[in-house]
Amino acid sequence: MSIFRVLLAIFFPPLSIIDKGCGSFIIIFLLTLCGWIPGVIGALVILNNPEW
């Protein structure tokens, strides 16, 4: 997980996980629409998990 990805996850969560797949992108996009903090937490969890 690079510092660039972490910063991108903080400022625009869906863009930080664009290469993880369409499903992950949609989930994080919906979480971000519900609130900024859930989107950031979801993006950081996905970025921190090496299996995704």
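What radius of gyration would a compact globule with 52 residues have, and what does the protein chain have? The globule would come out near 10 Å and the chain has 9 Å, so the two agree. That radius is taken over C-alpha atoms, and the globule rule is 2.2 Å times the number of residues to the power 0.38.

Before you click further: this is a predicted model, where local features need pLDDT of at least 70 and side-chain atom pairs count only at pLDDT 80 or more, while totals for chains, interfaces and linings use all residues. Residues are numbered from 1 along each chain as its sequence is written, and side-chain values use heavy atoms, with hydrogens and water left out.

**Whole chain.** Colour by secondary structure and you get 4 helices and 0 strands, running α-α-α-α from the N terminus. Helices here are DSSP runs (H or I, at least four residues), strands likewise (E, at least two), numbered from the N terminus. The C-alpha atoms fill a box of roughly 25 × 20 × 15 Å along the principal axes. Of the 52 residues, 29% count as buried, meaning under 20% relative accessible area with a 1.4 Å probe, protein chains only.

**Select 22-34 and 36-48.** Now show side chains: α3 brings Ser24, Ile28, Leu31 and Thr32, while α4 brings Trp36, Pro38, Gly39, Gly42, Ala43 and Ile46. Contact means heavy atoms within 4.5 Å. By type, that's 6 nonpolar, 4 polar and no charged residues, with Gly counted as polar and Pro as nonpolar.

**Select the core.** Pick Ala9, Ile17, Ile28, Ala43, Ile46 and Leu47: the largest nonpolar core, a set of buried Ala, Val, Leu, Ile, Met, Phe, Trp, Tyr and Cys residues joined through side-chain atoms within 4.5 Å.

**Zoom on Ile28.** Leaving out residues up to four places away in sequence, Ile28 touches Pro13, Pro14, Ile17, Gly39, Gly42, Ala43 and Ile46.

**Last stop, Ser24.** This one sits in α3. Is Ser24 buried or exposed? At 16% relative accessibility, Ser24 counts as buried. Beyond four places in sequence, Ser24 touches Ile17 and Ile46.

Methods
Buried means under 20% relative accessible area, exposed over 50%, partly exposed in between (1.4 Å probe, protein chains only).
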